[in-house]
Amino acid sequence: MNIIDRRLNPQGKSLANRQRFLRRAKEQVVKAVRDASGKRGIQDIENGEKVTIAAGGVREPSFHRASQGGVRDYVVPGNKEYVEGDTIQRPDGGGGGRGSEGSADGEGEDEFRFVLSRDEFLDIFLEDLELPDLVKQKVKQSESHTLTRAGYSVSGSPANLNLVRTMRNSLSRRIALKRPKRDEIRELEEMLREAEEAGEDAAQIQALREQLEHIVLRSRRIPFIDPIDVRYNRFESVPKPIAQAVMFCLMDVSGSMTEHMKDLAKRFFMLLYLFLRRRYRSVDIVFIRHTHEAKEVDEETFFYSTETGGTVVSTALEEMQKVVQERYPDSEWNIYAAQASDGDNMSSDNAKSATLLRDVILPMCQYFAYIEVAAEHNMGLSALGRETELWRTYKQVQSPERPLAMRRVRSRREIFPVFRELFAREKAGA
Amino acid sequence: MTAVITRPEALLYDGVEWDYDKIKRVYDAVEHIALKEMGLDVYPNQIEVITAEQMLDAYSSIGMPLMYKHWSFGKHFARDEMMYRKGYRGLAYEIVINSSPCISYIMEENTMTMQTLVIAHAAFGHNHFFKNNQLFQQWTDAEGILDYLEFAKTYISHCEERYGHAAVERVLDAAHALMSQGVHKYPKKRSDLRTEQRRERERQEYQDQTFNDLWRTVPKSAAGPRPAKSVSERKKLLGLPEENILYFLEKKAPRLDHWQRELLRIVRHISQYFYPQKQTKVMNEGCATYVHYQIMSRLHETGQISEGAFLEFLHSHTSVVFQPEFDDKRFSGLNPYAIGFAMMQDIARIAEKPTDEDRQWFPDLAGRGDGMAAVREAWANFRDESFVLQYLSPHLMRKLKLFSVRDDAEDPYLLVDHIHNERGYRDIRRKLARQYDLGYLEPDIQIVDVDLAGDRKLILQHRVTNGVLLDESDAKAVLRHIANLWGYEVQLIEVSAISEAILKEHAVTAPSGIGVG
């Protein structure tokens, strides 16, 4: 008999089959992923997902008898009351429910359900959007400084005194220089006192006294702690990339924004979130919606509750400024902002918005993306060259050195190309 | 001089943790009982320890360790994995492979008692059955299977590189759909799998050597139909009717490439290898369960395992052989472990302590003594169908309270036509045996004709018994696969086996072509 431990064999032997399966079921999986991602919150987008696909494409057909019709015989156990010739009500679900014909293998299921891992989900999600290797592109990364421990030094502030190191040095120096111990002094004193009390001869007492004097003097000359023993923790300041980012989602929620437009905006925000997630360890999201006044809200409210009122863009920018000042100092956070709007703004507000954007918002942002969403059928508008209020306003602000990008999006299909374009430009500029 | 006496009262192991020493000790003790006391005869054993993931993997590739790559295995893995992770379904404790050496997989999670049980069940129970049952002896090549699978795996991945994943997948999909129609049910010539590999290589070499491009330039024979042969002559030439559809396509499909034929051949061989297993579920499991029960009981009797371990074994044993009654929510057909185990015990009982009834029903068997030998004989010479027909006793029918139900789609009610009484025994036994007859369970589909001179339409026939037709959408899908391989139109006619009347026809037109054309 042989015993072989196969546990150490390479894992993931089934991976090749799984890839084949996913490739086979690609169409359905992509569709399932698309549906699932529509339903998800932005921050859960990355998690794995149980997906259900139609069994059609991955069905394994075989010749087998139909579950209905004809004459069938079954032998079953557990008779309690039947005698020959009895009749039984036909159980629900046809004859197939009883006896050996039951579909043991799950064949004939209409749906097939399985779990996609996080990576597979992301791959498919991004593939669906034809995302290239965006992660490789450079996002401007600001740096801060942080202090890290870097050994010991002989100078420093008392707060950084390293007690252990200091005492160790002190001890070794005392041993090396043979500093008399306190016990030795005490012992000698004791002997001297005993000798004096016993009235021993003066020469001996004198000798003891001299000896005592000598070691007391020696212990005084060799200090318990000498300045050369003292060590301080040394810190060095090293530049540290900021590993946290905050993403501001600004959206106009006035009556003119339709569900379609909001959906486009949501998809864009999702992409940006994914993108940032790959770059930064932690990404915060702040949702600010505005009509004629702006408010910071949670995601649910942001996307799904409606509001009425006019449109004053500057309120949102002011709100963002306020949030940044309160919680996200731009020295510590990478700030990204994406604004989605249908382009309406009160004419009187344009100048204010432009100034605010130019002087306050853009200087603190890594990147500010403005997405103008339009109804899908609304093809002619930009073709005619008529630009919206907000577009014109922002266009004045735009200049090569400012991290402001503007795009129009009409349909879902355009979301990704626009997204890529935005970040491709950043690369060219860098 | 004092002889060294092994102390049978010493426990083989203690506690739940297992290690290699304990397994070795247990194996030796089990082997002693199995070979010396029960008279089993087994292939050499190889025990492999695997993780749950590897077990899932083995599951999804039909239990074989070296399966080629195909998406359907990935699909089964995905499903089994989810079922397992969500706790809908446990994993089997073991998987055993009919090969020599006989490989048993045991899971690292199992307790020591479970490992003991698995060794008794798989390494001796199944192993003995594989080696001694005449069906396995006749149909499978235990020495060659692992090498052949290795060959198949490399060959298929080689094909994938050379001809592309999609092309290979198309052929494999079609072949898988026809897997149950890919076996020879009657032995032709025993071929062992090693020779198969060699022959494949030789065929290829011969083709390469004799390749002559000049043949391409030879003018085609003058147009004009060759004299039509008579139908019977044509059928004879093509070896029709043929029920092994895969075999027929491999040999006769006009537009397949060499490698495509080889893929069909591989799938066919694997299907053939599993054919005995499909026919002996009850016996195989019954045998293994009976063996593990005997061995574990012996180990307990001789004080080699503790009371606690024995209770743990009984717990898992009883849940394996549990047979819910028909009106139970858990009922999903007869449990092959339960029937098999009960029948084995019954045979031993009849041989050793028969009742008058048994003497009447089994004159040869009753009271012959040595139950173990009687059971071994049954294991060697039967398959499920004939086994039930031969050995199901009235005693067991009463115990299981078996009754038979007739479900005629035209009647509003199900009819209880036989119960476990004097009048019903023989009929119930006959009907139960039929439930295990693969020839009866699987639809009888044959290739009956090909119009070679005309449009090359392939005609299949399903002989319908009891008025149960094929599942239409699946049949259509399989026909499409056949058409892909055949390259021309395919037709399936369902005829009544009694009246020869045509009940239904399916047809699939010629595909865009899978072969080189």
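A residue counts here as buried if 20 or more other C-beta atoms lie within 10 Å of its own, as exposed if 12 or fewer do, and as partly exposed in between, with C-beta atoms placed from the backbone. By that criterion, 30% of the 430 residues of chain A are buried. The structure is a predicted model, in which local features need pLDDT of at least 70 and side-chain atom pairs count only at pLDDT 80 or more, while totals for chains, interfaces and linings use all residues. Residues are numbered from 1 along each chain as its sequence is written, and chains are lettered from A in the order in which they are written.

Chain A has 13 helices and 13 strands, taken as DSSP runs numbered from the N terminus (helices H or I, at least four residues; strands E, at least two). Among its contacts (C-beta atoms, placed from the backbone, within 7 Å) between residues at least 6 apart in sequence, 81% join residues at least 24 apart.

An unreviewed UniProt entry lists residues 178-215 of chain A as "coiled-coil region"; such annotations may be inferred rather than shown by experiment. In the model this span is 82% helix and 0% strand, and its end C-alpha atoms lie 10 Å apart.

Turning to the interface, the contact takes 53 residues from chain A and 74 residues from chain B. On the side of chain B that touches chain A, helix α3 (residues 71-85) of chain B supplies the largest share, 9 residues. Strand β4 (residues 87-89) of chain A pairs with strand β5 (residues 413-419) of chain B in the antiparallel sense over 3 bridges, where pairing requires that DSSP find at least two bridges. Within this pairing, A:Gln89 has B:Tyr413 as its bridge partner in β5(B).

Definitions and conventions: Two residues are in contact if their C-beta atoms, placed from the backbone, lie within 7 Å.
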